[in-house]
Amino acid sequence: MASAPQATGRSGLAGGQHPPAKPPQSRVAEARQRLTSGIAKPEFEYELLSMFVKNELGAILTIPLLAVIIALASMFWAPPGEAMIWAGVVLLARSMQMSVCYSFRAQPRAGIDLKKWRASLIGVEALYGVAWAGVVLVGANPSEPMAHTFVFASLIVVLTIRLLFASTVMPVIYAGTIPITFALVLRFLLLNDPFYWAMASMAVGIHVYFIFLAKGLNATVMTMLEYKAEKDSLIAELEHATSISEEARRRAEEANVAKSRFLANMSHELRTPLNAILGFSEVMKTEMMGPMQNPTYREYAENIHSSGKHLLHVINEILDLSRIEAGKHELAEEAVHLVDVVEDCERLLKLKAESKALKLIEAMEENLPPIWADERALRQICINLLGNAIKFTPPGGQITLGVFGCDDGSQILSVKDTGPGIPKEELPRVMQAFGQGSLAHTAAEGGSGLGLPIVKSLVELHGGTFELKSEVRRGTEVIVHLPKERVLQPVEPLQPLGQERHRTEQPRHRLAVLKGKVRAA
């Protein structure tokens, strides 16, 4: 029934158990497919009986009033006593039918015996149909030939009304209309007149046609109920999926908070001994307390110092990424020239590039307006991109640094290298935290895989876009696009003070002349 899927979904939530068969997305998709295709054929016994009872109770006086009118009209050719007796039988049958309908509506839906109530409604409908069929006995041999036509028309009207009221339950239609049609046909056949035989045939044809109409109405009602049930099922599945997603979101937030707390604690616990390691290893490496007799110890000290610096760099990157993901990274914005930032970063990494025999090419547009941004974040973006290019470009390659403005007023930072490139299918992986490409991993130095995610996050904090283009054996290009909203446009110079004074003195002179003319008048 319509509420069964909804009750099932909610009970699953209350018990804390989720259906293990399929994920919520698949169940919602299947429910939507059933809704659009009409495959499901559930039983709607209670809904159909309820609609029939509602129709009958909604027209409680319509058919009894029609019976009284027919009884009064039949008195023109039939004894009044027969007409009143027939009308009383119809009203009695109608009262019995209404009593059963009221009792059905008063019953709670839970635990109701549908077979019993269905049989009761069919039984009182059959009794009601027999009572209506008794009209053929009222003045069976009338003196007026038009009486037969009146009875025929009256019963056809009754058949139409029963068709509309009882179309939700086909057995009720059969029980209520077959006795009427049978009595009408029997009356016309006993008249031994071909004209009335034709009317009997017409009555049968009309009844069959009404049955087909009733089946069509019944199919329409069934389709409507199926769509309603599927809609309720889909709503229940969506509620279920929403509750699961909310629970997953809550757990993810809790995990994120726990991760941030863990990183904050670990940063202090790691940096304290790491500072001692870096300090003592630097003292040993530079032989500040005296020379080392064994050169191997000096080499070990250098390895300890470089490893400590690498570990400190990884810790700082992890903390930066976690701070950005938690939304706690605040930008210290100021007017910055992007070209100056890129040139400073190039000078910092120039020695490292020369040690690998790499050629740095500058393609920077001059006289670009400043941008409103965080200079430290821009430096980190440029150093990470240039450092990656130096790291993954083989000796003898070249790196091109580009800074230029676009037609729409925005500015672009581009870093292009001639390294091994990244396969197309690995591009999403290298943009994830701790992700690295397979070719770059085997051809270059080790790294944490946090540089590009940090750059992308910092660019997005500035409202910009990050684009990564790469092709195997043809190098990689990274494009950072800063929006025009962050570009500071020059302000037009203010008007000289002398011109402004001359402009204000002209209206005063005109006002004095005007006052003089007024006095003269």
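**Questions on a predicted model**

Colleague: What makes Tyr174, Ile178, Phe182, Leu186 and Leu190 a nonpolar patch on the surface?

Modeller: Together, Tyr174, Ile178, Phe182, Leu186 and Leu190 have about 520 Å² of accessible area, a value from the Shrake-Rupley method with a 1.4 Å probe, only the protein chains shown counting as cover. Residues are numbered from 1 along each chain, and side-chain values use heavy atoms, without hydrogens and water.

Colleague: Why is isoleucine 178 called partly exposed?

Modeller: Buried means under 20% relative accessible area, exposed over 50%, and partly exposed in between (1.4 Å probe, protein chains only). Isoleucine 178 is at 44%, and therefore counts as partly exposed. Its place is in helix α8 (residues 170-190), helices being DSSP runs of H or I with at least four residues, and strands runs of E with at least two, numbered from the N terminus.

Colleague: Why is the pair of phenylalanine 104 and tryptophan 117 called edge-to-face?

Modeller: Rings of Phe, Tyr and Trp (its six-membered ring) pair if their centres lie within 6.5 Å; planes under 30 degrees apart are stacked, over 60 edge-to-face, the rest tilted. A search of the whole structure finds seven aromatic pairs. For phenylalanine 104 and tryptophan 117 the centres are 5.7 Å apart and the planes at 75°, so this pair is edge-to-face. It links helix α5 (residues 80-106) to helix α6 (residues 114-133). Phenylalanine 104, at 2% relative accessibility, is buried, and so is tryptophan 117, at 13%.

Colleague: What makes the pair of phenylalanine 188 and tyrosine 196 stacked?

Modeller: The angle between their planes is 25°, with 5.8 Å centre to centre. Both phenylalanine 188 and tyrosine 196 are buried.

Colleague: How do you know that the length of helix α12 agrees with its number of residues?

Modeller: The expected span is 1.5 Å times one less than the number of residues. For the 18 residues of α12 (375-392) this gives 26 Å, and the end C-alpha atoms are 26 Å apart, which agrees. Of these residues, 13 are buried, so α12 is largely enclosed by the rest of the structure.

Colleague: Why is arginine 473 called exposed?

Modeller: Its relative accessible area is 73%, so arginine 473 is exposed. Arginine 473 lies in the loop between β6 (465-471) and β7 (475-482).

Methods. This is a predicted model: local features need pLDDT of at least 70, side-chain atom pairs count only at pLDDT 80 or more; totals for chains, interfaces and linings use all residues. Patches are made of residues with over 30% relative accessible area and no salt bridge: like charges are joined within 9 Å, nonpolar side chains (Val, Leu, Ile, Met, Phe, Trp, Tyr) within 5 Å. A salt bridge is a side-chain nitrogen of Lys or Arg within 4 Å of a carboxyl oxygen of Asp or Glu.
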